[in-house]
Amino acid sequence: MYDEKNCRFAKSHEWAFAEGDVATVGISDYAQKEISDIVFVELPKAGAQVEQGKPCAVIESVKAAADFFAPVSGEVVAVNDAIVDNPALVNQSAHGEGWFFKIKMSKPAELEALMDFAAYQSTAAH
Amino acid sequence: MNDSPLKRTPLFDALLQAGGRMVDFHGWEMPVQFAGILAEHQAVRAACGVFDVSHMGQVFISGQEAHRFVEHVNCNRMSSDPGKGTYAHILAEDGGILDDAITFCLGPERFLAIVNAATADRDFAWFRKQAADFAVELDHASDRYGMLAVQGPAAPALVGELFPAALALPRFGIAELPWAGEMAFVMRTGYTGEDGFEVAASPAGTLAFWEALRAKGGPHGLVPCGLGSRDTLRLEAGYLLYGADADETRTPYEANCGWVVKLQKGDFIGREALIRRKEAGFKEKLTGVRLLARGVPRHGCAVFRDGRKVGELCSATFAPSLDAGIGVGYLAPEAWEAGTRVEVEIHGKKIAAETVRGPFRKNSV
């Protein structure tokens with residue numbers, strides 16, 4: 001099982017955790033705190049192609065909307081409908097029940113361009 | 001952005017200490033939230049919350065013709081009963097809304113107008129211009145007063161501990177009561193749809209009131225609240241936000257506030273223009289919209305009926321007490337009837353919605 005310490009992070013605050021060629025993705029705990037009270041999440045459909053760094057989901061808090069940028073490229077193979085029904089799960093557990101979707105990676109090497117937890121922590125703090 | 005530094009209320013340090021996340025609100029550095037908008041919203045609906053509203057303006061109107069002047073610059077019939085306030089719009093000659101404000105009668109020759117922060121200076125200049133023919137004195141006292149709003153079903157019990165006399169106040173009532181060695185104005189008003197009070201006092205008195213509330217508030221479920229929950233609460237309650245939902249290009253009729261216009265009361269600024277514009281008819285009216293599917297509407301979202309654009313939302317949000325997206329916008333006549341099926345365009349997608357009359361939920365007051 002993953003937790004934030006073994007995830008890879010994008011500068012735009014998404015995380016990816018790879019098992020084989022499938023990556024589970026979500027937003028960081030830092031991001032959920034910043035966004036605060038998440039009340040709506042729109043996810044891509046299973047089967048959709050996503051591209052690293054491109055917006056592919058929407059996160060809405062009471063005050064504002066934020067884009068979710070795919071941390072890696074590939075095909076969406078599963079989505080977490082639980083956060084569509086109960087968006088607060090993302091605030092409660094950004095690295096657990098609040099995961100967004102799973103990507104069958106077309107370019108696993110992209111993971112290398114993401115940061116490890118320590119590097120992410122030092123950038124997110126600024 | 002302008003370069004002038006942001007103004008701070010007497011509570012600035014206390015708000016930071018309480019965990020306030022500060023933002024620029026019309027030139028004021030104000031908290032948008034403390035623990036979170038949803039928690040604050042729910043606290044006000046179920047228990048109580050305290051809001052710093054010190055940025056709002058206070059204008060005293062006194063003198064022999066004070067009541068006649070108050071009638072002249074407001075479109076509603078203004079109470080001259082000491083201890084009573086009246087909500088009204090302040091209109092320009094052309095009937096456009098310059099501000100919405102509550103004016104309290106303090107005595108036969110003394111009134112207090114509570115005006116919006118962003119318009120306080122303009123209101124005062126407007127009042128001065130109009131006052132030339134009246135035996136009145138005007139006092140822009142905004143810098144001498146801070147103000148707190150304590151709102152929610154538990155607000156009377158809490159405020160009653162500090163101001164026992166406040167419990168006798170009717171809705172829109174005001175009393176001048178001793179507080180921290182001086183006098184404070186205690187008003188039974190608010191912007192949330194819940195029972196509650198607003199208290200205007202000196203900066204030091206306001207800080208002392210904040211501290212007393214924080215000390216006694218725990219058992220009453222009091223939480224500090226920011227502008228974020230203030231907005232979700234007022235939108236659910238069907239209250240106007242001046243600058244967003246009404247401005248000088250709109251009349252009270254278009255703002256769906258025809259009830260504040262009393263044409264029969266006699267002359268007031270904007271009356272002739274209102275009669276003329278009402279006869280000509282209006283092309284748009286502020287109309288409530290509630291989403292029937294998931295989504296969070298925002299300011300600027302287009303509204304469609306049968307594929308034709310009928311207007312845009314000027315205020316919109318997720319409504320925590322309804323678990324639905326809501327908004328208000330100036331819509332064309334074919335969308336005025338409550339229950340009209342419309343669509344709201346959000347991120348390029350049209351989401352099913354319907355129009356709603358009046359408050360989005362039943363207000364407690």
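A polar contact is a pair of N or O atoms within 3.5 Å; within protein, one atom must be able to donate a hydrogen and the other to accept it, and residues adjacent in sequence count only if both atoms are side-chain atoms. By this rule, 14 residue pairs, both members at pLDDT 80 or more, are in polar contact across the interface of chain B and chain A. The model is predicted, so that local features need pLDDT of at least 70 and side-chain atom pairs count only at pLDDT 80 or more, while totals for chains, interfaces and linings use all residues. Residues are numbered from 1 along each chain as its sequence is written, chains are lettered from A in the order in which they are written, and side-chain values use heavy atoms, without hydrogens and water.

At the interface, 17 residues of chain B are in contact (heavy atoms within 4.5 Å) with 16 residues of chain A. The buried area, meaning the accessible area (1.4 Å probe) that two parts lose on being put together, summed over both, is about 1400 Å², and carbon and sulfur atoms give 52% of it. On the side of chain B, the most area is lost by B:Arg294, B:Arg298 and B:His347, which together account for 39% of what that side buries.

Between the two chains, 3 salt bridges are counted, a salt bridge being a side-chain nitrogen of Lys or Arg within 4 Å of a carboxyl oxygen of Asp or Glu. B:Lys349 and A:Glu42 form such a pair, at 2.3 Å from N to O. This pair crosses from strand S19 (residues 349–356) of chain B to strand S4 (residues 38–42) of chain A; helices (H or I, at least four residues) and strands (E, at least two) are DSSP runs, numbered from the N terminus. B:Lys349 is partly exposed, with a relative accessible area of 44%, and A:Glu42 is also partly exposed, at 25%. The terms are set by relative accessible area: buried is under 20%, exposed over 50%, and partly exposed in between (1.4 Å probe, protein chains only).

Within chain B, B:Glu29 forms a salt bridge with B:Arg8, with the closest N and O atoms 2.9 Å apart. B:Glu29 is buried, with a relative accessible area of 18%.

In helix H8 (residues 271–280) of chain B, B:Arg271, B:Ala273 and B:Leu274 are buried. The face turned away from the buried side of H8(B) carries the exposed residues B:Arg276, B:Glu279 and B:Ala280. Strand S5 (84–91) of chain B is included in what covers the buried residues of H8(B).
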